[in-house]
Structures are given as structure tokens and as C-alpha cells.
Amino acid sequence: MFDVAVVGLGPGGSSAAYYAAKSGAKVVAFEKRREIGIPIQCGEYLPREHMFKEILPSAKHIDLLVSYPRELIRVKTRGVVLYSPKGKPYRDSFDGYIVDRAGFDKWLASLAVGAGVDLRIESTVYSIRWMDGFYRLYVSSPAGKYEVDSKVVILACGASSPLNEMVGLDKEEDPYNLSPVIQVQMAGADVPEEDIEMYTGNEYCPGAYAWIFPRGDGFANVGLGIRKPYLPKDKGWGIRDYLWHFIRNHPIASEKLRGAKPISIVGGLVPVGPPLKSVGRNVLLVGDAANHVLASVGAGIPTAVIGGSLAGKVSAGYVSGDNELTLYERLWREEFGDALDAGYKIRQAIDVLNRSDKLMEKGLELFGEQHMSDFVRAKLSMSIRFMSWVSSIARTL
Ligand SMILES: Cc1cc2nc3c(=O)[nH]c(=O)nc-3n(C[C@H](O)[C@H](O)[C@H](O)COP(=O)(O)OP(=O)(O)OC[C@H]3O[C@@H](n4cnc5c(N)ncnc54)[C@H](O)[C@@H]3O)c2cc1C
């Protein structure tokens with residue numbers, strides 16, 4: 001019998017496993033992939049150490065986000081540029097890193113192993129059942145199928161996992177709250193390393209945005225998201241069509257990417273809804289599984305790591321009788337709840353602008369210059385003003 005079983009070893013799961021073991025629990029952790037962190041389904045962007053004070057001012061559990069090996073940093077960026085549908089740039093100074101995400105995930109997993117976690121790759125948890133006092137996890141691995149029992153389960157297995165429902169919790173299903181994304185890593189890209197770039201416009205990324213993030217040495221992460229309710233019904237395009245259209249035909253992006261070639265392609269699903277209930281009977285949800293993502297921009301590594309750290313500590317405390325599991329929900333709300341709320345409200349306001357490129361252009365013109373900084377930092381004060389302002393212009397157009 002284990003104290004804590006963690007399902008999924010992305011940044012959320014490994015942080016949870018590490019902290020649970022470090023706090024004295026007997027921990028087992030499962031990852032279905034053959035190699036932790038591979039394929040990289042990520043733009044690999046993280047705020048620099050000093051920016052956490054600005055974006056998550058109440059977060060205390062940021063140690064894993066500021067102490068990873070410096071050789072994982074590929075590029076130091078200094079700003080964020082948001083392009084309007086017509087190509088007008090709005091820039092904000094914001095210090096970030098492009099970090100080797102596969103290396104980052106492996107580093108977190110190595111900390112978990114060092115703390116004593118029984119870590120198992122190529123191990124898919126395909127079912128979970130409550131057994132009157134503990135959970136039984138059903139695992140499939142190359143060696144065959146087997147079962148493992150644990151007092152507490154932490155689900156950190158990404159967005160919209162069927163495992164959420166097996167433990168009596170919701171999974172995100174609303175198509176407005178889920179953004180399918182696709183990304184290519186390109187070689188031979190002549191993109192400046194100063195800034196990360198985001199592009200808007202319904203012709204290229206309906207309901208979401210496209211991005212070009214410099215990866216150093218001529219590499220770039222180029223991707224985009226869409227949301228299904230925003231796809232024009234008559235066009236019949238899939239997400240790949242939008243990606244190649246962006247790379248080949250976007251007036252600004254295609255110039256920057258001329259001559260570059262894709263060397264890998266990945267898809268994914270980013271949850272952009274409000275946080276889900278994250279505590280159930282002897283179970284906690286972490287990271288994307290709980291919708292812990294800044295919905296305005298789709299960033300989820302910091303909240304997965306902080307939430308995972310909290311879930312690990314709280315679950316160990318629960319097993320030793322020191323606290324209730326509900327403490328987890330209170331703590332993550334204290335540390336990053338405001339940012340998630342603000343990100344979601346800003347996303348709802350942006351949804352109004354997403355109705356047409358004309359509205360987006362006008363919105364950015366009137367708001368972009370002055371408030372880019374608050375947008376990038378997902379400030380609650382900004383979200384309230386932005387919401388009421390967007391509603392008023394939407395009524396006039
Ligand atoms: C293309 C793309 C670009 C992104 N860019 C950024 C960015 O630049 N910056 C940022 O902050 N965020 C970014 N995000 C979001 C970020 O990647 C996620 O928010 C973050 O990875 C969440 O971490 P997690 O640990 O919750 O989940 P994940 O990283 O998704 O990890 C979940 C793990 O669970 C495993 N798993 C799933 N089901 C099972 C099962 N049944 N049994 C065993 N294992 C299982 C999966 O294989 C996976 O390894 C991006 C997302 C995508 C898709």
C-alpha cells in the first residue's frame with residue numbers, strides 16, 4: 001500500500017511526487033510516455049525569476065521555478081509583442097526564458113527519484129477504483145497489467161482526462177474552454193531573440209492566437225491554437241491547415257520564417273476555462289487536469305509546479321494526520337487563485353473581440369498601447385475594466 005500515487009509526470013506531477021516524498025510519504029508515480037518530457041508539447045516559455053513577484057505576487061512555492069539548472073536556459077527574452085489582425089505590434093517589456101522543456105521535466109523527475117519516489121515510465125493508469133478506504137489503480141506497462149493500491153491519488157495527467165470522472169470529479173469538456181493547439185519546431189528560422197511574439201486574427205487562429213518563440217541557434221517554436229466554436233463552418237479547415245497557412249502566408253510571420261523548415265510537429269490541448277473542483281474523496285487534481293492555466297495566454301507551467309508542490313505537501317500531511325485534503329484548495333487559491341480568475345475574465349473579454357477582426361483591431365487600438373503590461377501580467381484590476389469596456393464597445397459596433 002502506497003501513501004500517495006501520482007498519475008502523470010509533467011511539471012505538475014513530478015513537483016507533487018517530489019514534495020510528497022520529501023514530506024515523508026511513500027510515493028509511487030506513473031508516466032505513460034517512454035521518455036519523460038518527450039515529445040515536447042510546449043512553447044517552452046517561462047517568466048524569469050524576478051517576474052514571479054509581478055505575475056503571481058502571493059505565490060510562495062516558486063522554489064522549483066527559480067532553481068532549475070541554468071544550462072536548460074536556451075534564450076533570454078526581454079519582451080512580448082502582440083500583433084493585431086492587421087499586423088500592428090503592441091509591445092511590453094517582460095523578462096522571460098525559453099527553457100529546454102524536456103530537460104526541465106526530466107530534472108523535476110530526477111528530484112522526485114532523489115526524494116525516494118518509485119517512478120515508473122511506460123506505465124499507463126487506465127482505470128481507478130475506490131475500494132472503501134483506498135484507491136486501486138489499474139496499470140498497463142510493457143511487462144503486463146497490474147494493480148497498485150494507494151491511500152491518496154494525485155491526478156496530474158493533463159487536460160480533460162477520463163480519470164477525473166473515475167474519481168468522481170469533473171473534466172473540462174466545454175469547447176469554449178478547450179483550445180486544441182499545434183506546434184512545429186523550425187530550424188533555419190531567422191527570428192530575433194529579443195522577444196516572444198503572439199499573433200491575432202481569425203484568418204489564422206480563430207478563437208486563440210499564433211506564436212513564434214525564438215529557441216536559439218536558428219530554432220523557433222511556431223504554433224497556434226484554435227477554438228472549435230470559432231471555426232467558420234463553411235471553410236472545412238483543420239488545425240494543420242491553419243498552421244501551414246500562418247507559416248506560409250501571414251504577411252509578417254511568413255517573412256520571418258522564410259527558408260525555415262519544420263523538424264518536429266506536436267499537437268496538444270490547452271484548458272482555458274475556470275478552475276475545476278480540485279479536491280475529491282482522497283484525491284487531488286493538479287495542473288492542466290484542474291484547469292490551472294492562465295486562460296488569457298494559455299500558460300500553465302508555473303501554476304502546475306506551484307500547485308503540484310502544494311498537493312504533494314498536503315497529501316503527505318493528510319496521510320500523517322496533520323491536515324485535511326481540503327487545505328490544498330485553500331492554499332492554491334491563496335497562491336495563484338487571483339491570477340487564474342483574472343486570466344479567465346480577460347479571456348472572456350477577448351472572446352468578445354474574437355467575434356471579428358475589426359473588433360479585435362479596434363480593441364487593441366484603444367486598449368493595447370496603455371494596458372499591454374496588465375494583459376501580459378493577467379491583472380485582476382485590468383480584467384474588470386477591460387470587461388466593462390469591451391462590453392460597451394461591443395454594443396456600439
Ligand atoms: C503546444 C503547447 C505550448 C505550450 N506552451 C507553453 C509555454 O510556453 N509556457 C507555459 O507556461 N505553458 C505552455 N503550455 C501549457 C503547459 O505545457 C501546460 O500547462 C503544462 O505542461 C501543465 O503541466 P501538467 O503537469 O499539468 O500536465 P502535462 O505537462 O500535460 O503532463 C501530463 C502528463 O501525464 C501523462 N499522462 C496522461 N494520462 C496518463 C495516464 N493515464 N497514465 C500515466 N500517465 C499519463 C502524460 O503523458 C503527460 O506526461 C503549452 C501547451 C501546449 C500544448
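Predicted model: local features only at pLDDT ≥ 70, side-chain atom pairs only at ≥ 80, totals over all residues.
Two strands are said to pair if DSSP finds at least two bridges between them.

I shall begin with strand S9, which covers residues 144-155. Strand S9 is joined by three bridges to strand S16, residues 283-285, and these two strands run parallel. To locate this pairing in the structure, please find Leu 155, which stands opposite Leu 285 in S16.

Strand S1, residues 2-7, is linked to S9 by five bridges, and the two run parallel. Here Ala 5 faces Val 153 of S9. What is the direction of strand S8 relative to S9? Strand S8, residues 135-141, runs antiparallel to S9, with seven bridges between them. One of these pairs Arg 136 with Asp 149 of S9. Moreover, S8 and S9 make up a hairpin, in which two residues lie between the strands.

I now move to the helices. Two packed helices are described by the angle between their axes and the distance between the axes. For helix H1, residues 11-22, and helix H4, residues 101-114, the angle is about 20° and the axes are 8 Å apart.

By class, eight of the contact residues are nonpolar, two are polar and one is charged.

How many residues surround the ligand? There are 37, and the closest are Gly 8, Gly 10, Gly 268, Gly 287 and Gly 300. At least two residues of this shell come from each of H1, strand S7 (124-130), strand S10 (178-187), strand S14 (261-271) and helix H8 (301-319). Of these elements, which gives the most to the shell? That is H1, with three residues. The shell comprises 17 nonpolar, 15 polar and five charged residues.

To close, I would ask you to keep two elements in view. Strand S9 is bridged to S1, to S8 and to S16. Helix H1 packs with H4 and also supplies residues to the shell around the ligand. Thank you for your attention.

Methods: Residues numbered from 1 in each chain as written. Helix = DSSP H or I, 4+ residues; strand = E, 2+ residues; numbered from the N terminus. Axes fitted to C-alpha atoms, helices over the stretch in contact; angles between N-to-C directions. Nonpolar A, V, L, I, M, F, W, Y, C, P; charged D, E, K, R; others polar. Near = placed C-beta within 6 Å.
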